[in-house]
Amino acid sequence: MEVLYFVTSGAHRTIPLEEIEALHEVYSCPLEVLSVHYNLVLAKASFECSKRIVERSAFVKEVGKVCAVCDEVACDWFEDCSFERLRFRKLGGLTPPRTRAFPTVPGAGEAIATAVEGFLIISKERALRRLGRSPKGPFFSPGSMDPLLARAMVNLSRVRPGERFLDPFCGTGVIAQEAWRVGALSFCADLDPSMVYGSRINAQHVGAEAEHVLQDSAQMPFRRSSFSAIATDPPYGRSVLSLGHSAEELLLEFLQEARRVLKAGSWVVFAASTSINAEEMIKRAFLKLNKCHTMRVHRSLARYVCTAYTGR
């Protein structure tokens, strides 16, 4: 394994690290996290394998081999890294530390020195993410999830290409479409017939292949152990009240059904209001909590994005 750095987008503070960990699990790439900094993670991993993570990731923009880590006193060199030019850049407005002049080698090309939290990371070989925002379909609903967050939730579900993926509160189908884009067999379900119809229209618009099902998330029409991953954004507030449920009841019933239809060792990712004790609902559904990430939606609303998994 090599010493690598991962540059994250800054769209969220904690989700990118779990996304890095999750995608290394997906591709069976060993990973050892060394340290976490502002918009940057240092880790030991295979560069060739980690390049695949960046191509699929939502919040990881770049991965590179670390030649050296330097502060104002000394440099630790991890491999031979000669260069003719050294281009400086900084993350988070941090000023590069003062370092002595580095020896240059004519014709050796350019290296990049990234300043973060008072030290420099020098790299010569890197891979950039080419993923942009996925196009939206013609069917719209207020509160539709941002495609990049949808991609992140799909990645946190650890779904692999060719595996069966379910979004039981699919709405306009954004999450299910992102699962299809990473190669999963996508199922898009909702209790509202207009949403099932609209998500089908959006899927056809972008050329996505997905099964669209009218269902109650508390009584899913699927056999036990039918799916390898679930990621979803359950309704909250007035949408929940209109279904005759409390938010807690809806979440618990969904998680109990999720545990039934998921294979052993599979993951479920969901968004929930911070007013709900999501950890308690996960426990009552006999799932194992991994993490709950807090996301600020606007001034008066914050939400969790929680990851949990079934036992073996």
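## Aromatic pairs

Rings of Phe, Tyr and Trp (its six-membered ring) are taken to pair if their centres lie within 6.5 Å. The structure described here is a predicted model, and ring pairs link Trp77, Phe83 and Phe102 of this model into a cluster. A search of the whole structure finds eight aromatic pairs. One of them joins Phe83 and Phe102 in an edge-to-face arrangement, with 6.3 Å centre to centre and 70° between the planes. The pair links distant parts of the chain, 19 residues apart: Phe83 belongs to the loop between β6 (75-77) and β7 (85-90), and Phe102 to the loop between β7 and β8 (110-116). Both Phe83 and Phe102 are buried.

Phe187 and Phe227 also form an edge-to-face pair, at 5.2 Å centre to centre and with 85° between the planes. Because Phe187 lies in strand β12 and Phe227 in strand β14, this pair ties together parts that are 40 residues apart in sequence. Phe187 counts as buried at 13% relative accessibility, and Phe227 counts as buried at 0%.

## Charges over rings

Elsewhere, Arg158 lies over the face of Trp267, at 3.6 Å from the ring centre.

Arg158 is found in the loop between α3 and β11. Its phi is positive, about 60°, although Arg158 is not a glycine. Is Arg158 buried or exposed? Its relative accessible area is 6%, and the cut-off for a buried residue is under 20%, so Arg158 is buried.

## Other positive phi angles

Ser225 is a residue other than glycine with a positive phi, near 60°. Ser225 is found in the loop between β13 (210-214) and β14. With a relative accessible area of 37%, Ser225 is partly exposed. Gly183, which follows α4, has a positive phi near 100°.

## The enclosed helix α4

How many of the eight residues of helix α4 (residues 174-181) are buried? Six of them are, so the helix is largely enclosed by the rest of the structure. The buried residues in α4 are Val174, Ile175, Ala176, Gln177, Glu178 and Ala179.

Both helices and strands contribute to the covering of these residues. It includes the helices α3 (147-156) and α5 (193-206), together with the strands β11 (164-167), β12 (185-190) and β14 (227-232).

## The five-stranded sheet

An open sheet of five strands, with antiparallel pairing, has the order β2-β3-β1-β4-β10. Its edge strands are β2 (32-37) and β10 (126-128), each of which pairs on one side only. From one strand to the next, the twist averages 20°.

The antiparallel pairing of β2 with strand β3 (residues 40-45) extends over five bridges. Ser35 has Leu42, in β3, as its bridge partner. Helix α2 (residues 47-56) lies across β1 (2-8), β3, β4 (60-65) and β10, and runs at about 170° to β4.

In soluble globular proteins, nonpolar side chains tend to be buried together. In this model, the largest nonpolar core has 28 residues, of which Phe254, Leu255, Val268 and Phe270 touch the most other members. Two or more residues come from each of β12, β14, α7 (247-261), β15 (262-273), α8 (278-284) and β17. The largest share, seven residues, is given by α7.

Beyond its neighbours within four places in sequence, Leu255 is in contact with Val268, Phe270, Met281, Ile282, Ala285 and Leu287. A second, separate core has 23 residues, among them Val159, Ala179, Ala184 and Ala231. Of these, Ala179 has already been named as a buried residue of α4.

## Ala302 in strand β17

Strand β17 (residues 301-309) contains Ala302. At 23% relative accessibility, Ala302 counts as partly exposed.

Which residues are in contact with Ala302, leaving aside its neighbours within four places in sequence? They are Ser273, Thr274, Thr294, Met295, Arg296 and Val297. Ser273 and Ala302 are 29 residues apart along the chain, and their C-alpha atoms are separated by 6.6 Å.

Definitions and conventions: Residues are numbered from 1 along each chain as its sequence is written. This is a predicted model: local features need pLDDT of at least 70, side-chain atom pairs count only at pLDDT 80 or more; totals for chains, interfaces and linings use all residues. Side-chain values use heavy atoms; hydrogens and water are left out. Buried means under 20% relative accessible area, exposed over 50%, partly exposed in between (1.4 Å probe, protein chains only). Helices (H or I, at least four residues) and strands (E, at least two) are DSSP runs, numbered from the N terminus. Contact means heavy atoms within 4.5 Å. Two strands pair if DSSP finds at least two bridges between them. Axes are lines fitted to C-alpha atoms, for helices over the stretch in contact, and angles run from 0 to 180 degrees between N-to-C directions. Rings of Phe, Tyr and Trp (its six-membered ring) pair if their centres lie within 6.5 Å; planes under 30 degrees apart count as stacked, over 60 as edge-to-face and the rest as tilted. A charge sits over a ring if NZ of Lys or CZ of Arg is within 6 Å of the ring centre and within 35 degrees of the ring normal. A nonpolar core is a set of buried Ala, Val, Leu, Ile, Met, Phe, Trp, Tyr and Cys residues joined through side-chain atoms within 4.5 Å.
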